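Me: I would like to go through this structure and ask what stands behind each term used for it.

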Amino acid sequence: MTTKFTPDHEYIRVEGSTGIVGITPYAQEALGDIVFVELPSVGKVLKKGDEAAVVESVKAASEIYAPVSGTVTEVNDALSGEPGLINSDPEAAGWIYKIAIADAGDLDGLLDAAAYADLTK
Amino acid sequence: MAETSAEDLKTTPLFERHTAAGGRMVPFGGYSLPVQYPSGIMTEHKWTREQAGLFDVSHMGPSFLALNNPSGDAEADHAAIAAIIEPLICGDIAGLKPGQVRYTLLLNETGGAIDDLMVARSPLHPGSLYIVVNAGTKDGDFARIEAAAGGKAKLTRADADNALLALQGPEAVNVIAHIAPAAADLGFMTYGAFPWNGTTLIIARSGYTGEDGFEILVSADHAPAFWDALLADTRVKPIGLGARDSLRLEAGLPLYGHDLNETISPTEADLGFAVSKRRREAADFPGAARILAEREGKLSRIRVGLIVEGAPAREGAEILDASGVAIGVVTSGGFAPSLGKAIALGFVPPEHAAHGTKLQVSVRGRPQAAEVVPTPFVPHRYFRKAKTS
C-alpha cells in the first residue's frame, strides 16, 4: 500500500488496483470548516485532472480533481450527513471516493510523501 | 507575511495582536485582516451568537463632520450640519436626537447606492456628526461629503489614527459594563463618548451581526491595550472576516459591493425603511423620482432571502423559477452555521418574491431547490440583555 499526492492537495491511497481519494490534512486545514461535499456518482469515468468532487467550506467551493484516470467504484456517503469528517479525519473517515485505476502509470507522475511534505513546508 | 508586503497592504493598529493570536491574514479592502483564528469560522460564528465576538473593523471609514462656524444655538447648528449631508442621502438627519445613530444610504442621481453608512448626531457638540462608511468606498465617499460641505464644514477622517472594533453577541453588554459602565445604558442605535484609561472611547450600540453589541472607536495608541482588556474577559473571543460575513448574511443584512451597488436602489435592496418619511414627502433626495415610483409599485427586481437545499449557492449563481427560467442572481450566499443550511440573498422580479415561493438556484450548472423566506434568517436580537444559558 502506498499513498501519492497531487500538487492540488489530493491524496490517493493505492490498494491493489483501487485508489482511495481524499484531501490532505494540509488542504482541510486551509479550507476550514467543511459544510458540504458534492460526491461523484458511482460508475463515472474520470480522466486524470477531471473535476471529481466539490468540497465546500463556509467561505468557498473547491474542486477536487482526479489524480488518476479510472472509474468511480464507491463514494463516501457518510460525508453527505457529516461533511466535517474531512476536517476531523481527512485521511481515514474523511475519504471522498474510490477509483478503479485505469493506468497504474498515472501514479508515477504524482508526488510521494516526502515531495509533498516539501511542497507544503 | 510575504503576501502583505508584496501587495503593499495597510495594517490596522491591531495587526500584531491578530498574528500573535494565530489569525490567518488575508488582503481585504486594501488591508491585511484575519479571515479566521485557529478555532475556525464555524466556532467563531457560534461563539458570537452565544457569547461575545470581538471584530477588528478598522478598515472601515469613521469620520467627523463639523461646522466651521457654529452659532452656539444647538438646534440651528444641527439643522445646518444636517442640511449639508441630507442632499447626498435618503435619511432624515435633521430629525435625529443628540446621540442618535441612523443607517442610511449615499445615493447617486439615479437613486443607486454609492454606499451604505451610519450617520450620528453628536450628543455633545452641536453642529457635528459622526459618520462611518465602508472600507472599499471610503475615499470616494469622503470626497463627496467634503465637496458638499464646501467652506461650511470640515470632514476629519478618523480611520488612520484610530482602531474601530465591534463587540457583538448576547454577552457584549455585560462585557462593556466592566469596561465603560455608562455605555451599557446606551439604547440601540445611540452613541456617546466614554472615558477609559486616560483616553476617550466613542461607543455606539450598533453592529452588523444581528446581535446586540457595540462599535467602538479607540485611538491607535490605546487600541492594543483596549483589545487586550476586552479579551481578558473569558466571554470574549476574537472573530475574523469569515464569521463576520456568515453572521451578517444570517442577519439578512446587505453587504456593499455585493447586495448593494450603484445600480441598486434602496427600494430594490429591501431597505425602504432607510428612506425617511420626511424625505419621501419632500422628494428631496438623489434619485427621488425613481425611488418614489418604485415605492408605488414600479419595481423590476427586489432583494429576497432564499433557503437553498444542498450545496451553497454563492454570489453569481443564477436564480431560476420553478420551470427553470432564469429570473435573477444570487448576490451573497453561503452556509448558515446557526441553521445548518445553505442560505442566500439575491434579486428577483417582485412577482417571484412572495415568501414561500418555490424557486431554484443553479449551482455548477445543476438546478437545486430553493424557497423564498423572510429575512433575517436568524432573528435579530438587538435589545437582548438577558444572559443565555
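Me: What area is buried between chain A and chain B, and what share do carbon and sulfur atoms give?

Reply: This is a predicted model. The area buried between chain A and chain B is about 1,300 Å², and carbon and sulfur atoms give 50% of that. The contact involves 15 residues from chain A and 16 residues from chain B.

Me: What makes the pair B:R24 and A:E29 a salt bridge?

Reply: The N to O distance between the two side chains is 3.5 Å. The rule asks for a side-chain nitrogen of Lys or Arg within 4 Å of a carboxyl oxygen of Asp or Glu, so the pair qualifies. Side chains of opposite charge can pair when their charged atoms come close. Between chain A and chain B the count is 5 salt bridges, and 12 residue pairs are in polar contact, both residues being at pLDDT 80 or more.

Me: Which elements of chain A supply at least two residues each of the side that touches chain B?

Reply: They are helix 1 (25-31), strand 4 (34-38) and strand 6 (51-57) of chain A. Strand 6 of chain A gives the largest share, 4 residues. By class, the side of chain A that touches chain B has 7 nonpolar, 2 polar and 6 charged residues.

Me: How do you know that B:E86 and B:R279 form a salt bridge, and where do they lie in chain B?

Reply: Their closest N and O atoms are 4.0 Å apart. The cut-off is within 4 Å, so the pair is counted. B:E86 is in the loop between helix 4 (74-85) and strand 5 (101-107) of chain B, while B:R279 is in helix 9 (residues 277-282) of chain B. The pair links distant parts of the chain, 193 residues apart. Over all chains the rule gives 30 salt bridges.

Me: Why is the space lined by B:L33, B:P34, B:F55, B:D56, B:I239, B:G240, B:L241 and B:R244 called a cavity?

Reply: The name applies because a 1.4 Å probe fits there but cannot get out. The structure holds 1 cavity of 30 Å³ or more, and the largest cavity has a volume of about 40 Å³. Strand 2 (31-36), strand 3 (52-56) and helix 8 (241-250) of chain B each supply at least two residues of its lining. The lining divides into 5 nonpolar, 1 polar and 2 charged residues.

Me: What makes the bond between B:T375 and B:P376 a cis peptide bond?

Reply: Its omega is about 0°. B:P376 sits in the segment after strand 19 (366-373) of chain B.

Me: What is noted about the phi of B:D270, and where is this residue found?

Reply: B:D270 has a positive phi of about 60° although it is not a glycine. B:D270 lies in the loop between helix 8 and helix 9 of chain B. Most residues other than glycine have a negative phi, and most peptide bonds are trans.

Notes: Residues numbered from 1 in each chain as written. Chains lettered and ligands numbered in written order. Predicted model: local features only at pLDDT ≥ 70, side-chain atom pairs only at ≥ 80, totals over all residues. Heavy atoms only, no water. Contact = heavy atoms within 4.5 Å. Buried area = accessible area lost by both parts, 1.4 Å probe. Polar contact = N/O pair within 3.5 Å; in protein donor to acceptor, adjacent residues only side chain to side chain. Nonpolar A, V, L, I, M, F, W, Y, C, P; charged D, E, K, R; others polar. 1 Å grid on protein atoms, 1.4 Å probe; cavity = no way out; pocket = protein on both sides within 12 Å on 5 of 7 lines; lining within 4 Å. Points joined across faces, edges and corners; volume = space filled by probe spheres on them.
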